[in-house]
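Please examine the sequence and the structure shown below.

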Amino acid sequence: MKVLIINGPNLNLLGTREPEIYGTISMEDYLDTLRSEFPSFELEYYQSNIEGEIINYLQKDEFDALVINPGAFTHYSYAIADCLKNINKPKVEVHISNIYKREEFRQKSVTAANTDAVLSGFGMEGYRLAILSLK
């Protein structure tokens, strides 16, 4: 099974960005861990700070399941929400921090309604749990 993992804006800074919230491990290092734990899955990773690039990548439709952390786009990207609505494959939204313990504007996800599940507050383990849910 090919699983596409997509991260939105500023998540290219994982490992150095606000480590008290997002931890100290880079996404690249964590991907190595995921790939060793799930050798039967083909894990593809894409990150962009640009909303339209994320939509274009999703519309390629070259995956069997999706794990997405839209980052800040979670809270206001109706364009990504519409794109997710048209994907008829398993989809899990992941948030490293517990968005419900953050600022008020971060407590609403406009994209979540178009996914099958949401994981929030498990740190980087949220990606692992999302993949486990796809087994």
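## Packing of helix 3 and helix 4

In helix 3, the residues Glu-51, Ile-54, Ile-55, Leu-58 and Gln-59 meet Ala-79, Ile-80, Cys-83 and Leu-84 of helix 4; contact means heavy atoms within 4.5 Å. Seven residues of this contact are nonpolar, one is polar and one is charged. Here Ala, Val, Leu, Ile, Met, Phe, Trp, Tyr, Cys and Pro count as nonpolar, Asp, Glu, Lys and Arg as charged, and the others, Gly among them, as polar.

Helices (H or I, at least four residues) and strands (E, at least two) are DSSP runs, numbered from the N terminus.

## Basis of the model

The model is predicted: local features need pLDDT of at least 70 and side-chain atom pairs pLDDT 80 or more, whereas totals for chains, interfaces and linings use all residues. Residues are numbered from 1 along each chain as its sequence is written, and side-chain values use heavy atoms, without hydrogens and water.

## Aromatic pairs

The structure holds three aromatic pairs, defined by ring centres of Phe, Tyr or Trp (its six-membered ring) within 6.5 Å. One of them joins Tyr-46 and Tyr-57, with 3.9 Å centre to centre and 10° between the planes. This pair is stacked, the term for planes under 30 degrees apart. Tyr-46 belongs to strand 2 (residues 42–47) and Tyr-57 to helix 3, 11 residues apart.

## The largest cavity

One cavity of 30 Å³ or more is found in the whole structure. On a 1 Å grid over the protein atoms alone, a cavity is a set of points where a 1.4 Å probe fits but cannot get out; lining residues have an atom within 4 Å of a point. The largest cavity holds about 50 Å³ of space. Its lining consists of Leu-4, Glu-44, Tyr-57, Lys-60, Asp-61, Glu-62 and Phe-63, of which three are nonpolar and four charged.

How values were computed. On a 1 Å grid over the protein atoms alone, a cavity is a set of points where a 1.4 Å probe fits but cannot get out, and a pocket is an open set with protein on both sides within 12 Å along at least five of seven lines; lining residues have an atom within 4 Å of a point. Grid points are joined across faces, edges and corners, and a volume is the space filled by probe spheres set on the points. Rings of Phe, Tyr and Trp (its six-membered ring) pair if their centres lie within 6.5 Å; planes under 30 degrees apart count as stacked, over 60 as edge-to-face and the rest as tilted.
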